[in-house]
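Here is a short tour of a helical packing arrangement, written for someone who likes definitions next to the values. Please have the viewer open as you read.

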Amino acid sequence: MDHSPHHTGTAHDPAAHAPRASWPTAAKATLHCLTGCAIGEILGMVIGTALLWGNVETMVLAITLAFVFGYSFTLFAVRRAGLDFKSAVKVALAADTVSIAVMELVDNGIIALTPGAMDAHLSDGLFWSALLGGFAVAFLITTPVNKWMIGRGKGHALVHAHH
């Protein structure tokens with residue numbers, strides 16, 4: 001006879017309190033994350049390109065700023081909901097790390113693989129089409145990842161507990 005405790009649906013089961021993992025919920029979480037990432041990514045690409053930095057330096061700056069802005073959006077939201085700074089940082093890191101990492105991997109992969117995109121100037125349509133196209137594909141790939149995570153009480157499900 002199995003005497004192990006069963007916690008499904010109890011207070012000990014994080015999935016019992018997870019928001020519904022619907023496609024609209026996942027899309028909203030991904031869009032929230034993408035907004036912060038896009039601001040940081042565009043800013044990094046613009047700065048690196050304007051300063052005539054190399055491709056690697058520009059991409060490192062863009063990725064770094066994407067994480068900074070991506071985390072910042074969540075950090076400000078959960079701080080506004082009343083969390084102290086340390087707790088808010090923990091929630092932002094837990095909520096956004098996977099989403100931002102997937103988004104940046106896809107987006108920067110597309111930019112790097114688009115012939116001439118990394119060498120294009122700010123005034124070139126190729127620069128902007130590769131960047132924006134990368135965001136679109138990253139959104140499509142990251143949304144199912146976020147849906148899966150939310151359904152398991154992870155990722156943006158942690159943010160919803162503070163809204």
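Helix 1 (residues 23–50) and helix 4 (residues 125–151) have axes that come within 8 Å and cross at roughly 145°. Axes here are lines fitted to C-alpha atoms, for helices over the stretch in contact, and angles run from 0 to 180 degrees between N-to-C directions. Helix 1 passes helix 4 in a right-handed crossing; a crossing is right-handed if the near helix is turned clockwise from the far one by less than a right angle, and left-handed if anticlockwise. In the contact of helix 1 with helix 4 there are 17 nonpolar, 6 polar and 2 charged residues.

This is a predicted model, in which local features need pLDDT of at least 70, side-chain atom pairs count only at pLDDT 80 or more, and totals for chains, interfaces and linings use all residues. Residues are numbered from 1 along each chain as its sequence is written, and side-chain values use heavy atoms, with hydrogens and water left out.

A second pair is formed by helix 2 and helix 3 (residues 85–113), which pack at an angle of about 145° with their axes 8 Å apart. Helix 2 passes helix 3 in a right-handed crossing. The table gives the residue classes of both contacts; Ala, Val, Leu, Ile, Met, Phe, Trp, Tyr, Cys and Pro count as nonpolar, Asp, Glu, Lys and Arg as charged, and the others, Gly among them, as polar.

| Contact | Residues by class |
|---|---|
| Helix 1 with helix 4 | 17 nonpolar, 6 polar, 2 charged residues |
| Helix 2 with helix 3 | 19 nonpolar, 4 polar, 3 charged residues |

Overall, the protein chain has 5 helices and 0 strands. Helices (H or I, at least four residues) and strands (E, at least two) are DSSP runs, numbered from the N terminus. Of the 163 residues in the chain, 37% count as buried, where buried means under 20% relative accessible area, exposed over 50% and partly exposed in between (1.4 Å probe, protein chains only).

Now for some individual residues. A38 lies in helix 1 and is buried, with a relative accessible area of 15%. The C-alpha atoms of A38 and L131 are separated by 9.0 Å, although the two are 93 residues apart along the chain.

L52, not a glycine, has a positive phi of about 60°, and L52 is exposed, with a relative accessible area of 69%.
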